[in-house]
Amino acid sequence: MTQSITYYITLLVIRLKGIKRIFSENPINFAKLRREVIHLPGGRFFKKYLLRRFEISDSTISEIGFDENSENLLTFIHVGAFVYGPTKPHWETAKEIAKIC
């Protein structure tokens, strides 16, 4: 079976960026991986409803909500959280979840 052009483009990008080499290291250099992808949210929603941000074990936790005294709590840990910090699509997903809850 032949691979698609997307497959080869993805391989090329992985090699050019050195991602394969980073994942081959022991231990994996997460700071180098995260440097390019961490995104801080912007826009009216996050200015109004990003309640607080704090650190636990070198990880930044962001609390998003409409009411500081709410009895409900939803924990959202995005796929890839072990390797990458939150990207723009992760923040958009968190925003939509917050609107529903």
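Visitor: Why is Tyr49 counted as buried?

Guide: This is a predicted model, and its relative accessibility for Tyr49 comes to 19%. Buried means under 20%, so Tyr49 counts as buried.

Visitor: What makes Phe45 count as buried?

Guide: The value for Phe45 is 13% relative accessibility. The limit is under 20%, so Phe45 counts as buried.

Visitor: And how do you know on which side of the limit Lys95 falls, buried or exposed?

Guide: Lys95 has a relative accessibility of 18%. With the cut-off for buried at under 20%, Lys95 therefore counts as buried. Its place is in helix α5, residues 88-100.

Visitor: Which residues does Lys95 touch, leaving out those up to four places away in sequence?

Guide: Lys95 touches Phe45 and Phe46.

Visitor: On to the aromatic rings. How many aromatic pairs are there?

Guide: The count comes to 4 aromatic pairs. One of them joins Tyr7 and Tyr8, whose ring centres are 5.1 Å apart with the planes at 85 degrees.

Visitor: Why is the pair of Tyr7 and Tyr8 called edge-to-face?

Guide: Centres within 6.5 Å make a pair, and planes over 60 degrees apart count as edge-to-face. At 5.1 Å and 85 degrees, the rings of Tyr7 and Tyr8 meet both conditions, so the pair is edge-to-face.

Visitor: How accessible are these residues: is Tyr7 buried, partly exposed or exposed?

Guide: Tyr7 has 37% relative accessibility.

Visitor: What makes the pair of Phe45 and Tyr49 tilted?

Guide: The centres of Phe45 and Tyr49 are 5.1 Å apart, with 50 degrees between the planes.

Visitor: Why are Phe45 and Tyr49 said to be about one helical turn apart?

Guide: Both are in helix α4, residues 44-49, and they are 4 residues apart, so about one helical turn separates them.

Visitor: Which residues form the aromatic cluster?

Guide: Phe45, Phe46, Tyr49 and Trp91 form one cluster.

Visitor: How do you know that Lys99 lies over the face of Phe45?

Guide: The distance from the ring centre of Phe45 is 5.9 Å. The distance limit is 6 Å, and the position must also be within 35 degrees of the ring normal. Lys99 is listed as lying over the face of Phe45.

Visitor: Which residues make up the largest nonpolar core?

Guide: There are 5 residues: Phe45, Phe46, Tyr49, Trp91 and Ala98. Helices α4 and α5 each supply at least two residues of this core, and the largest share, 3 residues, comes from α4. In soluble globular proteins, nonpolar side chains tend to be buried together.

Visitor: What does Trp91 touch, not counting residues up to four places away in sequence?

Guide: Its contacts include His39, Leu40, Pro41 and Phe46, and also Arg53, Ser62, Ile64 and Pro86.

Visitor: What is the volume of the largest pocket?

Guide: The volume is about 1,300 Å³. Of the 39 lining residues, the closest to the centre are Ile61, Ser62, Glu63, Ile64 and Phe76. The elements giving two or more residues to the lining are β1 (50-56), β2 and α5. The most, 6 residues, comes from β2.

Visitor: Why does Phe76 count as partly exposed?

Guide: Phe76 has a relative accessible area of 35%. The range runs between 20% and 50%, so Phe76 is partly exposed. Phe76 lies in the loop between β2 and α5. Leaving aside neighbours within four places in sequence, its contacts are His90, Thr93, Ala94 and Ile97.

Visitor: What makes Pro27 count as exposed?

Guide: Pro27 has 64% relative accessibility. Exposed means over 50%, so Pro27 counts as exposed. Pro27 is in the loop between α2 (19-24) and α3 (30-34).

Visitor: What kind of peptide bond joins Asn26 and Pro27?

Guide: The bond is cis, with omega about 0 degrees.

Notes
Residues numbered from 1 in each chain as written. Predicted model: local features only at pLDDT ≥ 70, side-chain atom pairs only at ≥ 80, totals over all residues. Heavy atoms only, no water. Buried < 20%, exposed > 50% of the residue type's maximum accessible area, 1.4 Å probe, protein only. Contact = heavy atoms within 4.5 Å. Phe/Tyr/Trp six-rings, centres within 6.5 Å; stacked < 30°, edge-to-face > 60°. Core = buried A, V, L, I, M, F, W, Y, C linked by side-chain atoms within 4.5 Å. 1 Å grid on protein atoms, 1.4 Å probe; cavity = no way out; pocket = protein on both sides within 12 Å on 5 of 7 lines; lining within 4 Å. Points joined across faces, edges and corners; volume = space filled by probe spheres on them.
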